[in-house]
Amino acid sequence: MAKLTVNGKEVEVPAGTNLIEAARAAGVEVPHYCYHPGLSIAGQCRLCMVDIEKTPRPTIACNTVAADGMVVNTETDRVRETRKSIMEFHLINHPLDCPVCDQAGECWLQIYYMKHGLYDPRMKDEKVHKPKAVPLGPHVILDAERCILCSRCVRFCDEITATGELGIFERGDHSEIGLFPGRELDNKYSANVVDICPVGALTDRDFRFQVRVWYLDTAKSICPGCARGCNIEVHVNRRRPHHAEGRRVARLKPRFNAEVNKWWICDAGRYGFGFVDAPDRLLTPAQREGGSSTDVTWELGIAAVAGALRRLPPEQLGVIASPKMANEDLFALRRLLDLHGISQAAGRVPTRVPGDEDDFLIRADKNPNSLGAELMGFGGDARTVLEAARARRLKFLWVFGHDLLASALSERDVLEAFRAVETVVFTGSNANWTSAHAHWVLPAAAWAEREGTYTNFEGRVQRFRTAIEPLGQALAEWEIVGRVMASLGQTLSATRAEHLFRQLVEAVPAFAGLSYPLLGDTGSPLAAAGAAGRPGAGAPPSEATSSSC
Amino acid sequence: MSPMNFRQRFYLVEVLAGLGLTAAHFFRNMGRHTARALGRKGTSGAVTIQYPEERRPYSPRLRSLHRLVRREDGSPRCVACMMCETVCPAHCIYIVADEHPNPEIEKVPRRFDIDLGKCVFCGYCVEACPEDAIRMDTGILEFSSYSRGGMIYTKEMLLSLEPADVSGRPRSPIPLPADRRA
């Protein structure tokens, strides 16, 4: 530990901490461009100058290790003057095209100019011109004129992905970021360079010109793309619906969580939000009779499910839940099944091709809540339920989310099972083959349209929050289950997802002690992560989760 | 307000007083106009402008119908930066940006609609524009429509307009709203 004074305030920091982090511990922000806590130190931008007592001139904070008895001052006249000059230096060749730059509004050149610059420009010569709008790869586009050569992107590709596509070429004020010959910035984490780029040099091709950033609202969320459960922010455009052709979710950005994803997310997760505003979203409950489908009211759709539950003996009812559902949905469904003594329940549908995986973030299991489903007794294989259906032991089948025909199940078996069942109900957010063959379709809200929790493969329970209103008449799955229970004269006694989570914590031992306030923004591990779940659930652990726990 | 006295409540006296005032103005104006017609200078009667054949001169600062300024090749000067859309207090500007074929020009509006049914003619869009691409100097004040949709002026309509002449007279015909075109 090192004890030092920053701006008159004493702080104690672990040995080896640099002065930017030490100042942060003292509540002081030192402006910087090239320093990033997840990358090596470059000392390139020279903006993080601070005064250290008994040193002759300002020193960069990023590459100075805090030492015992150090007296650091970040706001002396000398430091302010230095910062101002360095800002002027960074902006000498900057094109100042803020109005057409996608970064405007979240640009650290703008922020620091207003905070630490505010000089009158003295640059009278023609600025150095460099290539503009150069695609570097499938997701990233470069404007070399805007670049301040902080080298964060170069270090990211060298140190985090170890792919080394980017480099700094030429010398002096002709230096520019570029690709090595024959390379393309197409690694699985490439778009993170857009997040760490402090200026508008690297921008997102998917987001380019879609919405100005000041129109966006944000919600803290969890990536639903795989079992890792990376912490993200969902950026939605509610104020200008004519932008981005009416798509409400504009982009996903990683959110720091030291325990899960640090500062990063993969490209597959980042661009995996398209389904929320896709044209195939299910908007109203519908009934299919013969070959045609008609929109019906929620009352009718709910009555179809409730009627089957009332009429049929429990052994003729089957449910295929989804590990894409939140813990709250699965718990509500579990309560319904337990009340009726339904035992034909599964959650896992084998995928046709195994998902890709690496040793960084990406998991082969592409479901965000496989462990939660397993703990709630939905870890079983859907094949057992479908076999029961094929053997004409089921009269009612409720499928959540899955597209059974896009799975590894044989098409013939699924079709046969569907023909053998009297009533097939589908609940999900988007249309697929299963919804097209179901007798009843009950539309579910997408993950960004409701709140809940996911349990990741390490047994970390994390909250995702509502970013936008559900499209059409869609409802969260737990609300649908609640309506079914209400029409059967039972009560779910929950009007918010949090109420269900409280009940879940009471009922499922693995979740003991958790609560929404405790989960906070970054989640909390299960009491006994990966331990045996609900007594009597009796489901075999799924491959994806058992291999990792 | 104090209660009316008897004279006011009697009605007829006040009506006659009112008619007297009108008649006094009428005869004074008639006298002045006649005197003017007979060549006497320095007197002026009340003036009626025979609108729309006659128009008052407009101030050069008048904020009239918007127009989009063109580049030399006829394409819009607008770079779809959304500054006007952002500053607009009535939220009546709808811009959709597109990639410009020339990499030197970052953006170009694919769509630029102004809903004049919502516009409050504050002129903030003109102030905010970094490219001087939108102006309110057409001198056109008369635009109307049978429907709300007809009040939406598209990029093409706004691009076709010319600035008013020095006396403030519009040089472009009033654009025909969408709901009145065949």
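Met49(A) stands opposite Ile60(A), a residue of β4(A). The structure is a predicted model. Met49(A) opens strand β3 of chain A, which spans residues 49-52. Two bridges join β3(A) to β4(A). The two strands run antiparallel.

This pair belongs to an open sheet in chain A. Five strands build the sheet, in the order β2-β1-β5-β3-β4. Their pairing is mixed. The edges are held by β2 (9-13) and β4 (59-60) of chain A. Each of these edge strands has a single partner strand, so one side of each is left without a neighbour in the sheet. In the strand order, β3(A) stands between β5(A) and β4(A).

Chain B is divided into two domains. Domain 1 covers residues 1-47. Domain 2 covers residues 67-180. The C-alpha centres of these two domains of chain B lie 47 Å apart.

Chains A and B touch. On the chain B side, 14 residues are in contact with 10 residues of chain A. Two elements of chain B, α3 (83-87) and β2 (93-99), each supply at least two residues of this side. The largest share comes from β2(B), with four residues.

Notes
Residues numbered from 1 in each chain as written. Chains lettered and ligands numbered in written order. Predicted model: local features only at pLDDT ≥ 70, side-chain atom pairs only at ≥ 80, totals over all residues. Pairing = 2+ DSSP bridges. Domains from an automatic or database assignment. Contact = placed C-beta atoms within 7 Å.
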